[in-house]
There are 2 protein chains.
Amino acid sequence: MKETLLTRKTIRKYSGREVTDSDLNDILEAAIRTSTTGNMQVYSIIVTRDAVMKEKLAPAHFNQKMVTEAPVMLTFCADFNRFNKWCRQRDAEPGYDNFLSFMTAAIDALIAAQTACIAAEEKGMGICYLGTTTYMAGIIIELLELPTGVVPVTAITLGWPAEDPPQVDRLPLSAVVHTETYHDYSAGDIDELYAEKEKREDSLQFIAENSKKTLAQVFTDVRYKKADNIHFSKAFLEVLKKQGFMEQDI
Amino acid sequence: MKETLLTRKTIRKYSGREVTDSDLNDILEAAIRTSTTGNMQVYSIIVTRDAVMKEKLAPAHFNQKMVTEAPVMLTFCADFNRFNKWCRQRDAEPGYDNFLSFMTAAIDALIAAQTACIAAEEKGMGICYLGTTTYMAGIIIELLELPTGVVPVTAITLGWPAEDPPQVDRLPLSAVVHTETYHDYSAGDIDELYAEKEKREDSLQFIAENSKKTLAQVFTDVRYKKADNIHFSKAFLEVLKKQGFMEQDI
């Protein structure tokens, strides 16, 4: 297992090998044993296998090929709908139409997603997270017919690997971990922690391909741009309102 | 590994056995191999081992005993501070002072947290999530000295188990999983899916202890009350503003 966790890599190309119901069931059974706030299980998992549905979902994920090519896609949703219905049928008035409850449900959904990924990887399967899920939540809600109280927070594609890419780099552990209190980074710290990443061949190629001067500019000017972030921030906050999670009067 | 995932339970009581630096390092090394948006690694992990710091953090976690009794506590934070500093030092203007970027960073932090939990459990250690982290983020920020761009989203306590509680119940898989589209629950579905939970001895005891009529009322009237949720929603949105994640003009 340790090996699985340390050697894992994101897999974007999948073989024709079927993901059996039994394999998928194992993955989902593992996922629902993940910790959940107060054992409320305030999340849902939507399984996509249908080719037509994948075609419909593809634009919501910026037409990344994995969506139509992977045998299975799982969309993880913050979900208070089921819990609210139960409360109302049991003479209890739910108070979960607010931002904190969205966060609680999103946490449930996200940690269950990661358990599903590890369960799949331990079987030898590969996964890819789709960060586009929060960007395009509104469209995903329509396509998956998510009712009030349900918001998609992440999705993964899943299948047997048809590629064996090199493992991507990470910053040194000391970049991410702080002891007792946060030790803010000096200019020298930043230079040191990012040095290895910046001198990598793939980083240099990335800069050249995008005609930028620094690797950071590839992120700020090309991949994760301010204007896009602002646009999708507003859209996602609108989604939270529409799905009934912003009733606390800011 | 499958066994670890399926038989796991939350552990709230820890033995005196030390969590060695080597064990902790293994857990953290596994955590940083978790998928991360665009390989930006926009999260940080704060390690708490110091008894004085645990005492200070305890009230933020409603004085749950695990906080002072566990040998290690890990607080997982959405963190764009490090990335922003790198951008600014590299002639790149970051555009991550918005809600979408908070969500992106929170997702990074949460899925890394779950990998850490599984890595720990695979070693035979036990963990407990602290949902109080989002409720009391403001105080945690002060205690852990988190700068602008950093928001705690979850925390776990960690140690060697000194208890072996029964595994808690879960709803049947069919309650959580939907095929292709969301299949909303009829009143009959809710009755059926919650039937086993409601007739459990511990549920009945829970109702009696709290002098309630239904299990759902224990949640709505005692454990996760509307007034508290509203209070902590406002507080957490204030924290997001203060930490620089709400600049997109709603």
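Which residue of strand 1 of chain B does Thr179(A) stand opposite? Keep that question in mind during the tour. The model on your screen is predicted.

**Stop 1: the two chains**

Colour chain A and chain B separately. Chain B superposes on chain A by a rotation of 180 degrees, with 0.0 Å of shift along the axis and an RMSD of 0.0 Å. That is the relation of a two-fold axis. The same surface serves both copies, and 98% of the contact residues of chain B recur in chain A.

**Stop 2: the contact between the chains**

Now select the residues where the chains touch. Chain B supplies 101 residues and chain A supplies 99 residues. On the side of chain B that touches chain A, helix 6 of chain B gives the most, with 14 residues. That side of chain B divides into 50 nonpolar, 29 polar and 22 charged residues.

**Stop 3: helix 6 against helix 6**

Select residues 99–122 in chain A and 99–122 in chain B; each stretch is helix 6 of its chain. Packed helices are described by the angle between their axes and the distance between the axes. For this pair the angle is about 55 degrees, and the axes are 8 Å apart. That makes helix 6 of chain A oblique to helix 6 of chain B. The crossing of helix 6 of chain A past helix 6 of chain B is right-handed.

Show the side chains next. From helix 6 of chain A, the contact uses Ile107(A), Leu110(A), Ile111(A), Ala113(A), Gln114(A), Thr115(A) and Ile118(A). From helix 6 of chain B come Ile107(B), Leu110(B), Ile111(B), Ala113(B), Gln114(B), Thr115(B) and Ile118(B). Colour them by type: this helix contact has 10 nonpolar residues, 4 polar and no charged.

**Stop 4: a sheet with strands from both chains**

Switch to the cartoon view. Find the open sheet of 5 strands, in the order 5(A)-1(B)-2(B)-4(B)-3(B). Its pairing is mixed. Which strands are the edge strands? They are strand 5 of chain A and strand 3 (126–129) of chain B, and each pairs on one side only. Neighbouring strands are turned by 25 degrees against each other on average, direction ignored.

Strand 3 of chain B and strand 4 (residues 150–159) of chain B run antiparallel, joined by 4 bridges. Click Gly126(B): its bridge partner in strand 4 of chain B is Gly159(B).

**Stop 5: back to the opening question**

Select strand 5 (residues 177–179) of chain A and strand 1 (residues 43–48) of chain B. These two strands run parallel, and 3 bridges join them. Click Thr179(A). Opposite Thr179(A) stands Val47(B), in strand 1 of chain B.

Conventions. Residues numbered from 1 in each chain as written. Chains lettered and ligands numbered in written order. Predicted model: local features only at pLDDT ≥ 70, side-chain atom pairs only at ≥ 80, totals over all residues. Axes fitted to C-alpha atoms, helices over the stretch in contact; angles between N-to-C directions. Parallel < 35°, antiparallel > 145°, perpendicular 65-115°, else oblique. Left-handed = near helix turned anticlockwise from the far one by under 90°. Contact = placed C-beta atoms within 7 Å. Nonpolar A, V, L, I, M, F, W, Y, C, P; charged D, E, K, R; others polar. Least-squares fit on C-alpha atoms with pLDDT ≥ 70 in both. Pairing = 2+ DSSP bridges.
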